[in-house]
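Welcome! Take a moment to look over the model below, and then we will walk through a few of its features together.

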Amino acid sequence: MFMLLTHSQPCFFSFYTNNINMASGQQWVLVEMVQAFYEAPAYHLILEGILILWIIRLLFSKTYKLHETYRLTEKEKEDLIEEWQPEPLVPPVSKDHPSLSYDVVTGPPSHNIIINGKECINFASFNFLGLLDNERVKQKALASLKKYGVGTCGPRGFYGTFDVHLELESRLANFMKTEEAIIYSYGFATIASAIPAYSKRGDIIFVDEAACFSIQKGLQASRSFIKYFKHNDMEDLERLLKEQELEDHKNPRKARVTRKFIVVEGLYINTADICPLPELLKLKYKYKVRIFLEESMSFGVLGEHGRGVTEHFGVNIDDIDLISANMENAVASIGGFCCGRSFVIDHQRLSGQGYCFSASLPPMLAAAAIEALNIMEEDPDIFTVLREKCKHVYTALQGTPGLKLVGVQFAPALHLQLERSSGSRDSDMQLLRTIVEYVSPTRGVALTLARYLEKEERFLPSPSIRVVVTIEQTDQDIQKAVSCIQEAASAVLK
Amino acid sequence: FNISFPHWPCPCAKGIAMSLILVSRFHVSQVHAASHGGLYSRPFIESFEETPMLVAVFTYMSYGILTIFGYLRDFLRHWKIERCNIAREKEEQKDFVPLYQDFENFYNRNIYMRIRDSWNRPLCSVPGAKMDLLEQATHDYNWTFHYTGRVMHDVINLGSYNYLGFADNTGPCADSAAEATMKYGVGVASTRQEIGNLDRHEEMEKLVAKFLGVESAMTFGMGFATNSMNIPALSGKGCLILSDELNHASLVLGARLSGSTIRVFKHNNMQSLEKLLREAIVHGQPRTHRPWKKILIVVEGIYSMEGSVVRLPEVIALKKRYRAYLYLDEAHSIGALGPRGRGVVDYFGLDPCDVDVMMGTFTKSFGAAGGYIAGKRELIEYLRSHSHSAVYATSMSPPVMEQIITSMKCIMGEDGTTMGCERVRQLAKNTVYFRKRLREMGFIIYGNEGSPVVPMMLYMPAKIGAFAREMLKRNIGVVGVGFPATPIIESRARFCISAAHTKDVLDTALSVINEVGDLLQLKYSRRKRQPSLARPFDDNVYEDIDD
């Protein structure tokens with residue numbers, strides 16, 4: 001140990017002992033070193049001494065810390081706190097904001113609706129099958145109210161499950177011919193809870209650009225990677241799937257745990273057209289991606305028995321991993337449901353947030369939904385009637401001056417858009433609003449603009465007027481509405 | 001909440017070893033008195049008795065044993081020695097990436113499944129003070145249930161959030177709901193902004209604002225969605241949300257959807273909140289150090305798992321001092337607290353205008369469904385034009401709305417009776433009585449003296465099932481809560497007191513709890529009983545607390 005030290009030491013001092021033969025370095029001993037020390041000139045020693053002291057000082061001085069020099073005193077902190085001015089909780093809304101004053105409906109919001117005191121024919125509520133003021137549905141709801149009261153006072157787990165819920169779930173499963181169904185107490189929360197129940201951080205979801213807002217919220221809550229494909233463009237979807245396949249080949253370990261989903265709507269609420277389900281299924285098995293299908297607009301509308309897009313295309317429903325729909329449109333109650341195989345659906349009973357953590361659906365609303373299902377099962381002709389009406393409205397509205405009709409001819413909720421944009425979204429909206437106000441409610445036809453949160457939508461749909469077809473509308477009603485719209489359009493869009 | 005087990009990769013494999021490490025995080029026994037410079041107008045008595053060490057060790061051991069048996073049975077299932085009841089993936093999709101991870105389900109399969117019969121019991125009556133339950137049976141150890149067709153009549157209901165007893169199928173509320181059903185139907189089939197805004201919606205909103213003593217209010221069809229769909233409208237990127245660690249899932253979801261930065265403070269701990277507030281303002285946003293746009297403090301009135309009441313006077317003082325905004329979720333406290341049933345603000349005698357966003361639900365005290373947000377006119381006007389719910393979600397069902405209007409008028413005394421007022425008083429009285437008696441029996445009871453949510457500690461997972469079954473055998477329905485809604489060793493039973501409970505009902509329930517408590521050895525409390533609490537049940541008890 002000591003020898004080692006003495007070996008290194010001379011090197012340190014060696015620059016003033018050049019006269020000593022380096023070849024004999026190995027034979028150096030302490031005595032020689034001390035000798036060299038004595039031989040060295042005084043200024044060298046002083047210099048060495050200063051250097052050593054400098055090193056010691058460096059070794060023992062405190063480390064230079066960046067944050068210490070920036071540490072704030074209490075006084076400075078207080079000043080910062082004093083200085084900070086937050087933005088107001090909400091930005092001010094101008095008094096004439098178009099979505100601030102709602103139209104007021106007095107009385108039932110059914111076929112004949114009173115808007116701002118004027119009676120109109122309803123071309124705006126999603127009451128496709130006219131079940132909203134159906135006497136049988138009302139009576140069943142009433143009977144349930146007399147038995148259970150209104151609220152459930154608890155989530156499903158904690159005495160919030162009623163026999164009516166179980167009945168509705170099994171009825172929905174039977175109706176859709178799936179193994180199991182699960183009900184939610186709010187339509188919006190259904191798909192928004194279902195998506196994050198399966199898709200987690202790191203998973204990948206392929207979504208149509210026209211997907212509705214509740215799907216968008218579900219995607220956001222899932223924190224997965226979202227890949228949007230062009231609306232109904234299967235080539236674009238396949239391109240993304242291929243890209244992903246290449247990616248998976250590069251990292252097969254990651255690919256083994258990355259779930260992949262395609263989320264589409266049956267009938268798109270934003271565009272009123274239908275998803276190409278058979279092609280989607282081919283892609284599903286080719287690329288091993290699961291399909292979630294949102295059917296709020298097509299459940300109780302499409303297909304011979306109203307089972308939705310799967311029936312419309314004659315697709316085996318078991319090929320769809322999950323179908324979700326609300327019971328607020330065709331069924332005219334409140335709430336939503338998901339259905340599919342038990343393997344899939346049962347998972348939501350523990351991980352569907354809107355299911356676990358929310359009070360369950362009031363039994364009377366579930367009872368109303370059961371009765372609506374009864375009516376739909378007893379008389380499947382209503383779906384044919386609805387399709388006829390849709391076709392009628394669709395053809396009648398063709399050739400409206402300055403407006404184009406968007407959607408497929410069997411869609412019950414169509415959009416009327418401007419043929420030529422006036423330049424800005426605001427002025428387009430203003431034009432369409434003038435048309436709506438021309439017709440509704442003064443001329444006795446209830447219409448509404450399709451409303452969106454412009455800053456929140458991922459792909460903002462074009463401004464449009466919603467035209468909703470229900471089976472209660474007679475030929476005269478349709479005639480009246482169409483002529484009103486045409487008159488308004490030619491008056492406003494001269 | 002007991003039945004959501006999202007991520008628990010290696011369930012308590014570390015069991016007993018962990019117990020030694022985690023001992024330091026047990027609740028410290030604390031009884032807070034009001035000592036904050038006169039902020040409190042009433043004594044603030046809240047207690048969380050320490051978990052006895054021996055109980056903690058046994059609880060970890062029981063998880064350890066359950067885990068070992070879980071692995072053993074998974075092994076047996078894997079080799080098909082034990083029949084496997086788990087739903088299977090479709091044959092054609094066997095080579096897809098698994099829809100959910102197996103480890104997510106270890107807990108469900110091996111622990112939750114053993115006591116699954118304690119939850120999801122179907123009712124076939126009003127969820128009132130007594131209820132009828134469908135009798136269920138299982139032949140495969142809780143994997144599937146079938147209903148025998150028999151009904152268990154008049155089970156005492158200690159589980160529903162029916163605080164003021166408005167869950168009823170007769171009386172003025174049910175009558176008005178029935179009338180609305182016949183007049184309007186049950187649905188609306190449109191959104192508030194499009195064509196689903198009924199005149200009754202606006203009337204109800206005016207009433208809610210009046211009830212709460214604020215300028216304006218807006219209502220929504222689902223309580224959960226009221227939080228998750230409106231917080232994103234109030235807060236966004238560059239904003240900070242300070243959230244209590246025990247906040248409900250809907251608040252957490254709303255905060256996440258908003259895209260704001262979220263920081264969590266310790267449950268009801270004002271030092272922790274103040275520290276976060278100071279740091280946030282002094283340091284600004286992470287990396288850029290720009291000042292935060294705004295800071296939103298999110299708290300609940302009554303925390304439904306702990307039975308604790310938010311320290312609102314202190315929160316308001318902090319919020320004013322640091323210019324933060326306050327979002328108060330009164331899901332459990334509205335109607336259930338305060339001499340006039342106006343919630344936690346009323347309980348502490350504060351000014352509702354000091355709370356920026358008053359949120360609450362109609363599911364509990366009002367026996368209906370849905371939620372509200374109330375506050376300044378500007379806030380509500382902004383929500384009317386920017387709330388997700390107003391634009392995209394179907395409006396509230398008319399009969400549900402009538403139930404809310406009628407029950408709220410009743411609490412306000414606008415129906416010309418004192419019935420509402422009496423219910424509020426009855427609930428407070430029942431709460432004090434029930435909590436006092438349980439404590440006297442030697443159970444560990446969590447939470448605030450005034451909270452009608454009464455958690456009683458069971459600790460061991462097997463005791464959740466045992467307690468619920470033994471109680472139901474004696475015709476009393478209770479709710480058990482375990483991991484992950486609670487910390488792993490703090491499983492508990494949760495009683496919800498209602499104004500509809502009569503003294504007889506409560507006494508029956510208490511004597512049964514006493515009996516089952518002895519049977520299952522649940523009387524963990526080592527606290528000396530205070531003589532002052534051993535007074536008989538009389539009106540003084542109520543008046544002392546409520547003045």
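Predicted model: local features only at pLDDT ≥ 70, side-chain atom pairs only at ≥ 80, totals over all residues.

**Confidence**
- Chain B has an average pLDDT of 88, and 89% of the residues score at least 70.
- Residues 1–35 of chain B are another stretch with pLDDT below 50; beyond near neighbours in sequence, the model gives this stretch 89 contacts.
- For the complex, the predictor reports a pTM of 0.87 and an ipTM of 0.89.

- How many cavities of 30 Å³ or more does the structure hold? There are 11.
- The largest cavity has a volume of about 350 Å³.
- Its lining is made by 25 residues, and those nearest the centre are A:Cys212, A:Ser214, A:Ile269, A:Asn326 and B:Tyr392.
- Helix H9 (187–198) and helix H10 (213–222) of chain A, together with helix H12 (388–392) of chain B, are the elements that give two or more residues to this lining.
- Sorted by class, the lining of the largest cavity has 10 nonpolar, 9 polar and 6 charged residues.

**An annotated domain**
- An unreviewed UniProt entry places the feature "domain: Aminotransferase class I/classII large" at residues 119–482 of chain A.
- Residues 119–482 of chain A are 44% helix and 16% strand, and the end C-alpha atoms of this span lie 17 Å apart.

Methods: Residues numbered from 1 in each chain as written. Chains lettered and ligands numbered in written order. Heavy atoms only, no water. UniProt positions renumbered as here; feature names shortened; annotations may be inferred. Helix = DSSP H or I, 4+ residues; strand = E, 2+ residues; numbered from the N terminus. 1 Å grid on protein atoms, 1.4 Å probe; cavity = no way out; pocket = protein on both sides within 12 Å on 5 of 7 lines; lining within 4 Å. Points joined across faces, edges and corners; volume = space filled by probe spheres on them. Nonpolar A, V, L, I, M, F, W, Y, C, P; charged D, E, K, R; others polar. pLDDT = per-residue confidence, 0-100. Contact = heavy atoms within 4.5 Å.
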